[in-house]
Amino acid sequence: MSQIQIKELNTFSKYKSLLSELVRKDIKNKYRNSVLGVLWSLLDPLLSMIVLTIVFSTLFHRVHDYPVYYLSGQLTYNLFRSGSTQAMKSLVGSANIWKSVYVPKYLYVLSSVLSNFVTFLFSLIILFGIMLVLRVDFTVYMIFASLPILIILIMAFGAGLILGTLNVFFRDVEHLYSVFCLMLMYAMPIFYPADILPAQFKFIQTYNPLFYLLTCMRDCFYYGKLYSLTEILIPTVAAFVLLGIGIILLRKYQDRFILYV
Amino acid sequence: MSDETMIEVNNVSMEFNLSEQKTDNLKEFVIKFIKRELHFQSFWALNNISLKINKGDKIGFLGLNGAGKSTLLKIIAGVLKPTKGDVKLYGTIAPLLSLGAGFDPNFSGRDNIYLNGAVLGHSRAEMQEKFDDIVEFAELGEFIDVPVKNYSSGMKSRLAFSIATSVNPDIIILDEVLSVGDMSFQRKSKDRMNNMMSDATLLYVSHSVGSVRNLCDKAIWLHKGSVIAAGEVNEICNQYETYVKNL
């Protein structure tokens with residue numbers, strides 16, 4: 001291992017406690033002043049599931065166990081969206097700290113993604129509960145969902161690094177990204193069946209790495225089968241490309257952050 | 001006091017671009033880019049500063065507003081990267097660069113002790129051990145569970161100073177942080193600096209020359225980004241006071 005890598009590992013172990021402190025802070029901040037507290041991460045998907053089921057389950061009646069179909073998609077999308085969105089805001093939001101003490105800046109981005117992973121784990125309880133109620137089989141393939149989940153986290157981290165860096169220089173990136181996320185949501189078969197898309201628009205699925213991850217997750221939870229190798233390889237490559245670009249951008253521009261915040 | 005070097009500042013210069021910092025959104029940037037208004041307006045905050053600071057030195061920085069004191073300390077703390085030159089530190093550092101920095105205003109003093117400790121590289125368990133000492137020294141009592149945003153400036157400064165000194169850093173930076181504390185706390189902090197922190201290196205900025213004389217044994221006078229004089233604290237303070245009187 002090269003000298004530089006060893007040094008980076010040392011700083012990481014030094015800042016491990018900071019990372020856990022930041023994750024704790026993010027989660028506490030999210031539920032601060034709310035009576036229901038952590039219950040919100042259960043209620044949120046539950047309520048939207050009820051509304052969507054009432055509205056769409058008759059329209060898409062060929063989709064059996066619609067609530068499980070919807071939730072497995074929605075939770076996947078939500079993990080990416082909320083993780084990358086909070087990561088994007090984390091660098092500007094924590095300026096108060098890194099303006100006064102040197103801390104590796106990727107820690108803030110990473111902690112945002114990890115704290116959203118914790119809320120994601122809570123919301124899985126709802127998915128499991130609904131699967132029990134509707135008697136959807138719990139299969140061994142659910143364990144294999146951990147790989148696509150890991151890829152979503154890497155992808156959210158990479159996107160968060162890129163957007164977070166841009167956001168320091170241009171604050172309107174936040175607004176642009178929220179519009180982008182809305183488009184991303186409708187472009188993915190979260191509440192509609194994937195095959196209703198006309199053939200000439202198929203490209204919005206084939207060129208969307210998150211679409212493959214959604215398929216993988218649905219394979220594990222809804223269809224009870226293993227995803228194919230291509231379905232997991234495409235988003236893995238995309239996630240590492242995003243991560244690479246993110247690391248390069250942050251390295252290049254982090255010394256100038258303090259001049260813009 | 002020993003001859004062991006703690007901080008080395010080598011030929012540090014810092015350039016700011018005054019016009020660049022006004023654009024913070026994409027729309028303005030594009031408009032300025034098209035109109036070709038993105039010109040460069042240079043300002044040198046520090047010119048070729050070199051310092052060698054030994055272990056246990058207590059150094060006061062004097063100078064008018066805009067002399068570059070805070071910029072220099074930010075560079076030493078590692079939060080600002082100098083345009084030219086470099087800084088080497090041979091120990092752990094606890095920088096208090098401004099009041100309330102490093103705190104999350106929405107969190108209680110208790111949570112902020114753990115957060116701040118982690119920022120300085122200390123685990124929750126270590127901070128738990130020091131917790132009672134920190135609260136007692138900061139004289140916060142029952143206010144420790146109140147969000148920091150409701151603290152007075154004196155309370156914030158006492159808590160920050162208390163945390164920073166309790167983690168035993170080799171280098172401590174105080175930039176106008178103590179000046180909001182009352183007389184009794186200033187005396188207490190001085191005692192703490194002299195006893196507990198006698199081995200630590202102190203970099204101290206204050207506009208009160210009296211407190212510089214009180215806390216420091218050496219002083220450095222900065223003017224428009226250059227070192228004018230450096231040496232024994234009373235000597236430099238006298239020179240500085242004569243200069244200020246004749247302004």
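Which residue in β8(B) does Leu62(B) stand opposite? I looked it up and found Trp221(B) in that position. I note that the model is a predicted one.

**Entry 1**
I next examined how the two strands run. Strand β3 (residues 58-62) of chain B pairs with strand β8 (residues 218-223) of chain B in the parallel sense, over four bridges. In general, strands of a sheet pair through backbone hydrogen bonds, in either a parallel or an antiparallel manner.

**Entry 1. The whole sheet.**
I then traced the strand order and read β5-β6-β7-β3-β8-β9 in chain B. The sheet is open, has six strands and shows mixed pairing. At its edges I find β5 (93-96) and β9 (226-232) of chain B; each has a single partner strand, so one side of each lacks a neighbour in the sheet. From one strand to the next, the twist averages 15°.

**Entry 2. Helices on the sheet.**
I looked for helices that pack on this sheet. Helix α5 (residues 153-166) of chain B does so, touching β5 and β6 (171-175) of chain B. The direction of α5(B) makes about 170° with that of β5(B). Helix α8 (residues 233-245) of chain B also packs on the sheet and touches β3, β8 and β9 of chain B. For α8(B), I record an angle of about 135° with the direction of β9(B).

**Entry 3. Extent of the contact between chains.**
I turned to chain A and chain B. Their contact takes 29 residues from chain A and 35 residues from chain B. The buried area between them comes to about 2800 Å², with carbon and sulfur atoms giving 60% of this.

**Entry 4. The side of chain A that touches chain B.**
The elements giving two or more residues to this side are α2 (16-31) and α5 (95-98) of chain A. I find that α2(A) supplies the largest share, eight residues. By class, this side of chain A has 14 nonpolar, four polar and eleven charged residues.

Notes
Residues numbered from 1 in each chain as written. Chains lettered and ligands numbered in written order. Predicted model: local features only at pLDDT ≥ 70, side-chain atom pairs only at ≥ 80, totals over all residues. Heavy atoms only, no water. Pairing = 2+ DSSP bridges. Axes fitted to C-alpha atoms, helices over the stretch in contact; angles between N-to-C directions. Contact = heavy atoms within 4.5 Å. Buried area = accessible area lost by both parts, 1.4 Å probe. Nonpolar A, V, L, I, M, F, W, Y, C, P; charged D, E, K, R; others polar.
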